[in-house]
Amino acid sequence: VWLIMALAMSVSGITRELLFKRMMNAGSADTLSAIVGVALIALITSIGFGAIQGATISGLLALSAALVVATVLFETALGRLVDHKSWSELLAHYNLRRGELWPLVLAWLAVTPFVWARWARRG
C-alpha cells in the first residue's frame, strides 16, 4: 500500500510542478496538490486497508507510525538526493505557520489506519 502511495504521490508532485504551477500561482498549486494528495491517500488506503477489522490499537499505531516515518524518510531522501535541497529548505516544508500544508497531509496519512479499521467494523 505504501509503495503505491509513494508512486501516486510522486506523480502528483510532478503534476504540481509541471502543470498546476503553470496554470496558477504557486500557493494555489500547492493547495490543489495537497487536496489531490489527501484524496489519493484516501482512495489508496481505503482499498489497501479495507480489511483491517480486528486490528488492535497498538497494531494501528504501529502501522500509522510506519506510514509516516517511511513517507518522511522517502521525502527527505528525494529532497536531498534528487532536488538537492538544504536541510533548512526541507524543514520549511513542515512549517504550518507559513502556510505549508504537508504536515496536514501527513496527519491524514497517520489517521487512515484508524479510519478504515473503524469503517471495517461498521460493515
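The place of each charge is taken as NZ of Lys, CZ of Arg, CG of Asp or CD of Glu. On that basis the protein chain carries 10 positive and 6 negative side chains, and 10 Å separates the centres of the two sets.

The model is a predicted one, in which local features need pLDDT of at least 70 and side-chain atom pairs count only at pLDDT 80 or more, whereas totals for chains, interfaces and linings use all residues. Residues are numbered from 1 along each chain as its sequence is written, and side-chain values use heavy atoms, with hydrogens and water left out.

The protein chain contains 5 helices and 0 strands, where helices (H or I, at least four residues) and strands (E, at least two) are DSSP runs numbered from the N terminus. Read from that end, the order of elements is α-α-α-α-α. Along the principal axes, the C-alpha atoms occupy a box of roughly 45 × 30 × 25 Å. Taking a contact as heavy atoms within 4.5 Å, residues 24 or more positions apart supply 68% of the contacts that have a separation of 6 or more.

The accessible surface of the chain is about 7800 Å², and carbon and sulfur atoms hold 68% of that surface; such areas come from the Shrake-Rupley method with a 1.4 Å probe, and for residues only the protein chains shown count as cover. A residue is called buried under 20% relative accessible area, exposed over 50%, and partly exposed in between (1.4 Å probe, protein chains only). Of the 123 residues, 25% count as buried.

In soluble globular proteins, nonpolar side chains tend to be buried together. A nonpolar core is defined as a set of buried Ala, Val, Leu, Ile, Met, Phe, Trp, Tyr and Cys residues joined through side-chain atoms within 4.5 Å. The largest one here has 14 residues, and those touching the most other members are Met5, Ile41, Phe49, Ile52, Leu67, Val105 and Leu109. Two or more residues come from each of α2 (26-48), α3 (57-82) and α5 (102-122), with α5 giving the largest share, 6 residues. Leaving aside residues up to four places away in sequence, Met5 touches Ile41, Ile44, Thr45, Leu67 and Leu109.

Phe20 lies in helix α1 and is buried, at 13% relative accessible area. Beyond four places in sequence, Phe20 touches Thr15, Ala29, Leu32, Ser33 and Val36. Phe20 and Leu32 are 12 residues apart in sequence, with their C-alpha atoms 8.0 Å apart in space.

Side chains of opposite charge can pair when their charged atoms come close. With a salt bridge defined as a side-chain nitrogen of Lys or Arg within 4 Å of a carboxyl oxygen of Asp or Glu, the count is 4. One of them joins Arg16 to Glu17, with the closest N and O atoms 2.9 Å apart. Arg16 is partly exposed at 23% relative accessible area, and Glu17 is partly exposed at 38%. Arg16 also meets Asp30 in a salt bridge, 3.8 Å from N to O. Asp30 lies in helix α2 and Arg16 in helix α1 (residues 2-23), so this pair ties together parts that are 14 residues apart in sequence. Asp30 has 33% relative accessibility and counts as partly exposed. Lys21 pairs with Asp30 as well, the closest N and O atoms being 3.8 Å apart, and Lys21 is partly exposed at 31%. Through shared partners, the salt bridges join Arg16, Glu17, Lys21 and Asp30 into one network.

Note on methods. Lys and Arg count as positive and Asp and Glu as negative; His and the chain ends are not counted.
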